[in-house]
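Subject: Structure for your review

Hello,

Here is the structure I said I would pass on. My notes on it follow below the display.

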There are 2 protein chains.
Amino acid sequence: MMMEAATTGVPEVPRKPGRPRGFDRDIALHAALLVFWKHGFDGTSYADLTAATGMSKPTLYATFGDKVNLFREAVVAYSALTSQAYENALSRPTAREAVEACLRLARGLNPEPGEPIVCFLVQGALTGSADTQELRSELTALRQQATEQLRARLKRAQREGDLPKTVDAAVLAEYFASLATGLSVQAAGGATPAHLNQIVEMVMAQWPSER
Amino acid sequence: MMMEAATTGVPEVPRKPGRPRGFDRDIALHAALLVFWKHGFDGTSYADLTAATGMSKPTLYATFGDKVNLFREAVVAYSALTSQAYENALSRPTAREAVEACLRLARGLNPEPGEPIVCFLVQGALTGSADTQELRSELTALRQQATEQLRARLKRAQREGDLPKTVDAAVLAEYFASLATGLSVQAAGGATPAHLNQIVEMVMAQWPSER
DNA sequence: CACGAGTTTTACCGATCGGTAGGAAAATGC
DNA sequence: GCATTTTCCTACCGATCGGTAAAACTCGTG
C-alpha cells in the first residue's frame, strides 16, 4: 500500500531508476469509466479521455492499450464497483428483503452527483456503431448474469419456503430486473426520487404470498 | 397519389423539365430512422446512411440538411409511427385495458424482425457525445410527454370512478412507464416474449382496486 | 557530470469524419 | 439538336479520429 509524499505523490517504496509515473492507474481508469459510461464508446473521443484522466494519448495507450481495451477495463471496473453491492443485496435473509434491496440500488432512488443514473451495462450497450456490436454484447451478457443471479436467489427462497412454489422464479426475476432498469431510465428522464421510492414501496406491498 | 410505372418508378403526373428524382423521401427517411435507431447518432456514419437509403451524401444533404437535421426528422417520423398506436391504447374504455394495451406495445412482447426492440426515444437518448446533449434531451422530452399522457389518462379514470381515488396517478404512471421500458431492455438482453407476456399478465392481475 | 532506465511529450501518420463545389446526367421544351 | 432545368456524382475540403515513432524529460546510480 502506498503513502503519499507531501508534494509530488511519489510513493515511498524504494524507487527504480527512470522517470516516475505521473498518474494513478486506478484513478485514471475510474475517470475513463465515467466518460465511457456517460457518453458511450462512440461518443467518447481521446480528447474526452485525456481531459478526464489527465493523461496524454500515448500514455493512455501505453497503460491501457487501445480504446477497445480501455473500454473493456472500464466495464470490469464498473462491475467490480457494483457487483459487491448487488451480492450484498441478494444475501439478505428473505427474498422480499433481497429484492427490495436490489431495487433500491437503482441510482434514480438516491442520485449520486456527477454520475450517470442508468446502469452502464444498459446504456453502454443499447446503441453503437456496427464495429462495437461484439463489445456491447459483452455488457449485455453481464446484465443477463445479474438477472440469472436474481433468479437463482428466488429459487433458493422457494426451496427454503420463503417464496411460494407456485411462483415462476424466472418470470419474477425478469420482472424485477425490468423494473430496476425502467426506474433508472425514468429517473434519467426526470422522474423524482420521491416517485420512484413510492413505486418501490407499492411494488413491495404486492409481494407474492401463499394462496 | 403516385402510381408506379412499369420499370422506372416515374410518377404519372405532368413532369417539369429536369432530371427526375431517383428516390422516395419518406422511404429514405424511414431507412435513415432505422439506422439512427439501431446505432445512435454518434454510431451512425454517412457510409451507413448512404448504404441504407441508396442516396449519396450530397443528395442526402440537399434533401434533409445536415446530420443533426436528418436525425431530428427521423425522430419526428418515429414519433408519428408510434404515437398513433399509443393514443389508440390510451383510448381504451377502462384504465386497466388502456394500461395493458400500452404495456403490450413494448416490442419485446412481439418482436419485429429487423427493428430494434428498445424504444428509439430511450436508446437514442441515453448516451452520446457532449455535442449531442441538447439533441438527445429532445428525445427525453418526448418520453416525458408520453408518461404525462398516461398520467392524464389515469386521472381521467379516477374522475370517472374507474380507478380508486386513493391511488397516486403520477406514481402509477411512472410505474407503468418504467415497466414498459424495462421490459424492452430485458428483451434486448435476451428475455423471451413468453416471459415478458407472463410479466404483463402478472402485473395486470394486481390492478389497483377499491379497498 | 554522464549514463541508463522508465515515462512523457511532441509531432506526425493514415483513415474517416461531415460537408461542399462544380461537372455530368437525365429529363422537357422549342 | 440545343438550351434550360433539376438532380446526381465525383472529387475534394478541413477537421477530427485513433494510433505511433522518436525526442525530451526525470529520476537514480556510479
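**Symmetry and interface**

Chain B is superposed on chain A by a rotation of 180 degrees with 0.0 Å of shift along its axis, at an RMSD of 0.1 Å. That is the relation of a two-fold axis. Please keep in mind that this is a predicted model.

Among the residues of chain B, B:Gly182 comes closest to the rotation axis, with its C-alpha at 2.1 Å. As for the interface, 100% of the interface residues of chain B are also interface residues in chain A, so the copies meet through the same surface.

**Gly182 in chain A**

A:Gly182 belongs to helix 8 of chain A, which covers residues 169–188. Its relative accessibility is 0%, and because buried means under 20%, A:Gly182 counts as buried. Leaving out residues up to four places away in sequence, A:Gly182 touches B:Ser178, B:Thr181 and B:Gly182. A:Gly108 is 74 residues from A:Gly182 in sequence, and the C-alpha to C-alpha distance between them is 10.0 Å.

**Nonpolar core**

In soluble globular proteins, nonpolar side chains tend to be buried together. The largest nonpolar core here has 62 residues, and A:Tyr175 and B:Tyr175 touch the most other members. Neighbours within four places in sequence aside, A:Tyr175 is in contact with A:Val203 and, in chain B, with B:Tyr175, B:Leu179, B:Ile199, B:Met202 and B:Val203.

**Pocket and cavity**

The largest pocket has a volume of about 1000 Å³. Helix 8 and helix 9 (193–204) of chain A, together with helix 8 (169–188) and helix 9 (193–204) of chain B, are the elements that give two or more residues to the lining of this pocket. The lining is made up of 33 residues, and those nearest the centre of the pocket are A:Gln206, A:Trp207, B:Ala205, B:Gln206 and B:Trp207. Sorted by class, this lining has 22 nonpolar, seven polar and four charged residues.

How many cavities of 30 Å³ or more does a search of the whole structure find? The search finds one. The largest cavity has a volume of about 140 Å³. Of the 20 residues that line the largest cavity, A:Asp42, A:Thr127, A:Gly128, B:His39 and B:Thr127 lie nearest its centre. The cavity lining has two nonpolar, 15 polar and three charged residues.

Regards

Methods. Residues numbered from 1 in each chain as written. Chains lettered and ligands numbered in written order. Predicted model: local features only at pLDDT ≥ 70, side-chain atom pairs only at ≥ 80, totals over all residues. Heavy atoms only, no water. Helix = DSSP H or I, 4+ residues; strand = E, 2+ residues; numbered from the N terminus. Buried < 20%, exposed > 50% of the residue type's maximum accessible area, 1.4 Å probe, protein only. Contact = heavy atoms within 4.5 Å. 1 Å grid on protein atoms, 1.4 Å probe; cavity = no way out; pocket = protein on both sides within 12 Å on 5 of 7 lines; lining within 4 Å. Points joined across faces, edges and corners; volume = space filled by probe spheres on them. Nonpolar A, V, L, I, M, F, W, Y, C, P; charged D, E, K, R; others polar. Least-squares fit on C-alpha atoms with pLDDT ≥ 70 in both. Core = buried A, V, L, I, M, F, W, Y, C linked by side-chain atoms within 4.5 Å.
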